[in-house]
Amino acid sequence: MVTTLSRSLAAAVLAVLPLTLSPTAAHAAETLPLAEAVTRLPVATESRDGYSRDSFRHWNTGLDPADGCNTRSEVLLDEAIEAPAVGAGCRLTGGRWWSYYDATWVTSASNLDIDHMVPLAEAWDSGASAWSAGRREAYANDQGAPQSLVAVTARSNRSKADQDPAQWLPPAADVHCRYAAEWVATKLRWHLAVDTTERAALHGLANACPDQTVSYEPVP
């Protein structure tokens, strides 16, 4: 039987993954209004030069290499509203998930994608091009924050592709505040920049979402 692991344990796991990260301790978690969080994002020109999806190794063996489940499967197990059965090789059958991007119930794991809240290409553009391979792997498999990886319908994930909030927002309009907060939290967690157009869009969302807060714990 595979035990579903809480992604809240991942902060400890980061220390044992084959990463090249700063040895300094992680900063304390913070919660602040969305409008203030947006102002903390550094602004920089984005560049896609040299990008390859293969620069971000995923999916790796996840939080527990002994459980037979990769990161994708562990996220699916963690986010299931009704738990699927887990078979040999971590094959998932049954189960039920809520895709919040498009307000859709999903009853087959094969119909779900695991979305990187800030897509890999966008992360590259925003600072990850300067990271080590190990840090990019940690980013691509980050279960240390619930917003980093999100199980959503393949349709909505592929509609989003590598677009930022100036270009794409979830089809379900009532989740735009949540989505903006999770985008900003991920960028702050990983010390990623925004370009001017993206920042303006986030300021607009913050103005429309005055009660929305952002919670994040920076990675060293």
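A charge is said to sit over a ring if NZ of Lys or CZ of Arg is within 6 Å of the ring centre and within 35 degrees of the ring normal.

**Close-up 1. Arginines over the faces of tyrosine rings.** In this predicted model, Arg48 lies over the face of Tyr51, at 5.8 Å from the ring centre. Another such arrangement involves Arg178, which lies over the face of Tyr100 at 3.5 Å from the ring centre.

**Close-up 2. Aromatic rings.** Tyr51 also belongs to an aromatic cluster, formed together with Phe56, Trp124, Trp131, Tyr139 and Trp190. The whole structure holds 13 aromatic pairs, and one of them joins Trp131 to Trp190 in a tilted arrangement, with 5.6 Å centre to centre and 40 degrees between the planes. This pair links distant parts of the chain, since Trp131 is in the loop between α4 and α5 while Trp190 is in the loop between α7 and α8, 59 residues apart. Both Trp131 and Trp190 are buried.

**Close-up 3. The largest nonpolar core.** Among the 40 residues of the largest nonpolar core, Leu34, Tyr101, Tyr139, Val184, Leu202 and Val214 touch the most other members. Helix α7 (176-189) is one of the elements that each supply at least two residues, and α7 gives the largest share, 7 residues. Leaving aside residues up to four places away in sequence, Val214 touches several residues, including Leu34, Ala181 and Val184.

**Close-up 4. Strand β7 and its partner.** Strand β7 (residues 149-153) is mostly covered, with 5 of its 5 residues buried. Strand β6 (residues 112-116) runs antiparallel to β7 and is joined to it by 5 bridges, and Asp113 has Val152 in β7 as its bridge partner.

Notes. Residues are numbered from 1 along each chain as its sequence is written. This is a predicted model: local features need pLDDT of at least 70, side-chain atom pairs count only at pLDDT 80 or more; totals for chains, interfaces and linings use all residues. Side-chain values use heavy atoms; hydrogens and water are left out. Buried means under 20% relative accessible area, exposed over 50%, partly exposed in between (1.4 Å probe, protein chains only). Helices (H or I, at least four residues) and strands (E, at least two) are DSSP runs, numbered from the N terminus. Two strands pair if DSSP finds at least two bridges between them. A nonpolar core is a set of buried Ala, Val, Leu, Ile, Met, Phe, Trp, Tyr and Cys residues joined through side-chain atoms within 4.5 Å. Contact means heavy atoms within 4.5 Å. Rings of Phe, Tyr and Trp (its six-membered ring) pair if their centres lie within 6.5 Å; planes under 30 degrees apart count as stacked, over 60 as edge-to-face and the rest as tilted.
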